[in-house]
Amino acid sequence: MSFVVTFATTAPVSDDLSIVRENVRKIMLWPSPEQLPDILAQAKANLSTLDFDTCQWPDLNYTTRGPENWDPVLHMFRIATMTAAYTVPGGFSNDTKLSLGIHCALKVWIEQDWQNPNWWWNYIQDPLIATGIMMMLGVERMTTYEIDAIVKMSYRANWWIKDWEGGANLVWELQIQLYRGLATSNYSAVSQAFELMWNTVQIQNLTTMGIQTDWSYHFHGSQLLPAAYGDAWATNILHFHMATRGTQYALSKDRLEVFGRFLTRGDAWFTMGSVWVWSLIGRIIDRGVHAWYSHLFPSDQLRELAMDMTDNTSAIALCEYAGRLEHNHRTVPLVGNRHFYTSDFQVHRRVNWTVALKMHSARVIATECDNYENLKGEHIGDGTLNLYTRDAQYGGGEEYENIFALLDWQAINGITVEADTPLVHCDRGKVPMLNTTFVGGVSDDMYGAALMDTATRNLTAKRSWHFYDTYIVALANGIQDNTTALLQTALVSRLLPAADTLAGTLTVQWSNGTRMVLPDGIYTFSYDQPRILWFHADGTAWTVLEEYQTLMIDCRNKTGNVDQIGPWDFQMTSRILTAVIIHGRGPTIEPFSYKYMITPNITVEEMTRYWERYLVLGNHAQALTVTQSQGEPLYLHGTCDPFLQRASVLLFDKNFLNGSTTYYNCSSMSLSIYLEQPGAILFSENADSFTITAAHPTVATGTFAVNVNRASSATSQCTNSWNFENGTRVLISLPGDPQLLGKSVSVTCTKR
């Protein structure tokens, strides 16, 4: 194939548009100095394999039409790489053959105009790559034919026809308009696109995708997706902010402050170093490579963003976030608890471990399975409790890296399910599942607890999680099922290091004092004496505190192919630890329950002393309670820690039975708490005062009343208790705004 290239010409303009154009090339299209050698090498490799007779690559299958793995788009990506190498300062600007290869391959793309059944490629990805190529080349190095074709292709990103209601898809389509407008000096297109893009940088209402009031990010409806789509949205906002600083197109100060708070109060909590919590990456878990669940934010840009903040707290937090993204261990760790009340998600962070709890409800979508991805993800939102212990502040993620083809999807961390009921079939769209309303949590920013009225298939249960400094407690009762399904709760499902390493050793402690290391295999243990007190691996101990039918531990190397969960085809092999409590089969006559503790970052020797301190001496054994009335259980869950002088009490929304009580008692703290209505509370105290933090998952207005057997000075919020002599009735005003439903509120009373 031969052709003559005649370039259009345009005069350079020194104004804000041209400044932004050059900034976009440097920030978003050209490789960094660190990336440049790889890009140059890849461009040469692409050029060497290009068939100049057909202007195609022989190794690509141009007939594929998969909705996700689609070869023809690789043709465009290769052109983009070659264009970056040709146009970047310090690149191959004098390489005539490279220039011919770019125009040759581009002409074929324009002529063939390959289409995919998945609209996203045709309307977003292809125009985005094409306009990016036009941005890098500049219209002065393109033919009129190429310019017209790419401009025409860019109009497929027709945001003015499809109402995206904000979010990543809208910003991608505006990015295409910006590339087109910047490349062709279309001032009105650039101004319009920036105005609409910046309008997405605001807190949305509960029905709109984007930033939520709790600083989480929703996309594809009310689905928590700060990773994947949210990452793409935030990265584009950050890049375009950096490109427009000091120009008429810059993001306004008030929107900039919102963006800074979103990154530090939302996204920063969802990551360990540069790795997202895996339950937040959406359907792309089946793609199986680390890059898909790594952050895209450049740390240097976060530091520059910090310089633009007027809120000093956000500025400091952005710099600390940047340090953690760089895996810099000198950076201040992020420690505390954050309950994302709009998204039914709680994150608990300590210096050397992080745990993330994902729930779903009538207001939050659990997950999706578009384009035949995430085919086994039915239970991702059913109380998945993912624990990170390996460098959990500055790196992390290795516990779950490339695990997804190996998982038993009926036994992912923390879920309670019908183990032998086939997973729901889902090829496209949202996974069909039951939704309940009484799901939520409470947080005082350092500690937290969460509760989930669970309904999945025929199984129902009341479950809760309680987060402290050195451990997590999980409680449940009312586990029922009207079928013959096998009911089980997963304690752990994670990768382990090699068996011949200390971290990879699986140790069990028996009640008769015996301790042993288990070789790899599948084990089932009953509750008969001697019984297992706890088992330990990878620096974490799991303790089952209540009688069970069977404890199953499976530790071995496994191999699986991701084609079982999505459209990709490659194998994974790793050593994986899975442990489940098998409750028994339905139909249930007496509902099942469980009570277990997870103690992260502890050695086997330390666990022995820990057991004596918390459990043997009675300090904790009766504190971890699930209160029951006669007959049917009353769903009141409570825990307390006498060393921290803290307690968490959760009362599920259920009609009270005759003779039932809603008192929670912690004898080790001489503490008694009475809840007048369902909800979630945290109690903490010192010598001078006590604090009640409360949240209600279904009521946003009115007063939440808690009675406690502690005397206090009288105020409008701390009054005399009807339930305790020398006690206090604490009146807590709920947020009042439906947009803040589930938000935690605190009241502190002074002791007398």
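**View 1. Valine 442 sits across from alanine 449 of strand E12.** Strands here (E, at least two residues) and helices (H or I, at least four) are DSSP runs, numbered from the N terminus. E11 and E12 (residues 448-456) run antiparallel to each other, joined over five bridges; for a pairing to count, DSSP has to find at least two bridges between the strands. Everything shown is a predicted model, where local features need pLDDT of at least 70, side-chain atom pairs count only at pLDDT 80 or more, and totals for chains, interfaces and linings use all residues. Residues are numbered from 1 along each chain as its sequence is written, and side-chain values use heavy atoms, with hydrogens and water left out.

**View 2. Nine strands line up as an open, antiparallel sheet.** Reading across, the order is E11-E12-E13-E14-E23-E20-E19-E16-E17. E11 (439-443) and E17 (515-517) are the edge strands, each pairing on one side only. From one strand to the next, the twist averages 15°.

**View 3. Helices H4 (residues 96-112) and H6 (residues 144-154) cross at roughly 45°, with their axes coming within 11 Å.** The axes are lines fitted to C-alpha atoms over the stretch in contact, and angles run from 0 to 180 degrees between N-to-C directions. The crossing is left-handed, i.e. the near helix is turned anticlockwise from the far one by less than a right angle.

**View 4. Here's who meets whom between H4 and H6.** His103, Leu106, Lys107, Trp109, Ile110 and Glu111 in H4 touch Tyr145, Glu146, Ala149, Ile150 and Met153 in H6, contact meaning heavy atoms within 4.5 Å.
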